[in-house]
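Hi there,

Here is the model I promised to pass on to you. My notes on it follow below, with the cut-offs spelled out so that you can check them in your own tools.

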Amino acid sequence: MLKHWARAVLVLGNVFLLAGGCQKAPALVQAGGGGSPAHDRRPLIGITSAYIPDGDYAKVHSSYTQAVKEVGGTPVILPVIEGNDKDLVGEYVRVLDGLLLTGGDDVPPEAYGENPLEQTKTLSPRRHRFEKALVEAWLPTRKPILGICRGLQQINVVCGGTLVQDIPTQVGTRVIHRNPGGRGDAAHRVEIEPGTTLRSLLSSASVQVNSNHHQAVKDVGENLKISARSTDGVIEALEFTDGRFGLLVQWHPERITDAKHRKAIYGAFVRACGVKVSMH
């Protein structure tokens, strides 16, 4: 059952004493320990997980953790906690160097002032509250953030944007963004805007992507801009306008077999968090 999934466990105090973020990060010290010098550490990347009410557990697809690991990051799976625990959310924000928001079910339409359509399948309220609180606390730090699929949509809504609740009924089916019944990823091309971070990373004006979503950005949130669209006009990627590293894509680069594409996106994200810290 858990062949391709990892249980969400965050181990902090028992292994390392951690402090700081991307800027002016202090030393990483082994708990209980000595003080002998060691290698520079890899950036700590917090990865959000899905909450499964039936069984009361959290999970995350291993492709996210593997994509972070292969480009030099240390993946840290974040269990879903109640969003009103501001102290713990604040500790995540303080300790982590980068934040990766993963895919999943739909952002509740109430979060952007709409009633749900019949086709809308909202994620658990517990996960929505937690990620909303996490993103709201993260954005003022200007630390790097990467949003994948629903992660893009969540960040856009937190920034004041809205969503297309169902692409087939509200946009059309000229481009298939999700295969019927969720049977694997759909494939289509996206056109990348010139002068964007995404264009420079992928070195192309048009790329073939995989996707598995039925919702998309409608109104773009504050401090965000469009960096890619599919041929039916659906927004496929966003970036921040204030110079920070924030890349949000509707497809799943962690599941793309083209290692160059995958590493271009995940590598840039991890490098943006890559202030190295020596252990003392």
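**What I found: the cores**

The largest nonpolar core holds 32 residues, and Leu134, Ile145 and Ile155 have the most contacts inside it. A nonpolar core here is a set of buried Ala, Val, Leu, Ile, Met, Phe, Trp, Tyr and Cys residues joined through side-chain atoms within 4.5 Å. Two or more residues of this core come from each of strand E7 (74–78), helix H2 (86–95), strand E8 (98–101), H3, H4 and strand E15 (235–240). Another core, of 31 residues, lies apart from it and includes Tyr64, Ile192, Leu247 and Val249. Buried means under 20% relative accessible area, exposed over 50%, and partly exposed in between (1.4 Å probe, protein chains only).

A word on the source: this is a predicted model, in which local features need pLDDT of at least 70 and side-chain atom pairs count only at pLDDT 80 or more, while totals for chains, interfaces and linings use all residues. Residues are numbered from 1 along each chain as its sequence is written, and side-chain values use heavy atoms, with hydrogens and water left out.

**Overall numbers**

The protein has seven helices and 16 strands (DSSP runs numbered from the N terminus, with H or I of at least four residues for helices and E of at least two for strands). Of its 280 residues, 51% are buried. The accessible surface comes to about 12700 Å², and carbon and sulfur atoms account for 51% of that (Shrake-Rupley method, 1.4 Å probe; for residues, only the protein chains shown count as cover). Among contacts with a separation of 6 or more, 70% join residues 24 or more positions apart; contact means heavy atoms within 4.5 Å.

**Around the helices**

Leu134 touches Thr48, Leu78, Val89, Tyr92, Val93 and Leu99, leaving aside residues up to four places away in sequence. Three of those names return in H2, whose buried residues are Val89, Tyr92, Val93 and Val95. The buried residues of H2 pack against strand E4 (44–48), E7 and H3.

The axes of helix H3 (residues 125–138) and helix H4 (residues 150–158) come within 10 Å and cross at roughly 65°. Axes are lines fitted to C-alpha atoms, for helices over the stretch in contact, with angles from 0 to 180 degrees between N-to-C directions. On the H3 side, the contact is made by Arg127, His128, Glu131, Lys132, Val135 and Glu136, and on the H4 side by Arg150, Gln154, Ile155 and Val158.

H4 is largely enclosed by the rest of the structure, because eight of its nine residues are buried. After H4 comes Gly160, with a positive phi near 95°.

**Loops worth a look**

Thr162 sits in the loop between H4 and strand E10 (163–164) and counts as buried, at 13% relative accessibility. Leaving aside residues up to four places away in sequence, Thr162 touches Tyr112, Asn156, Ala216, Val217, Lys218 and Asp219. Thr162 and Gly221 are 59 residues apart in sequence, and their C-alpha atoms are 7.4 Å apart.

Most residues other than glycine have a negative phi. Asp56, in the loop between strand E5 (50–52) and strand E6 (57–61), has a positive phi of about 55°. Asn223 has a positive phi of about 70°; Asn223 lies in the loop between strand E13 (216–217) and strand E14 (224–230), and is partly exposed at 27% relative accessible area.

Best wishes
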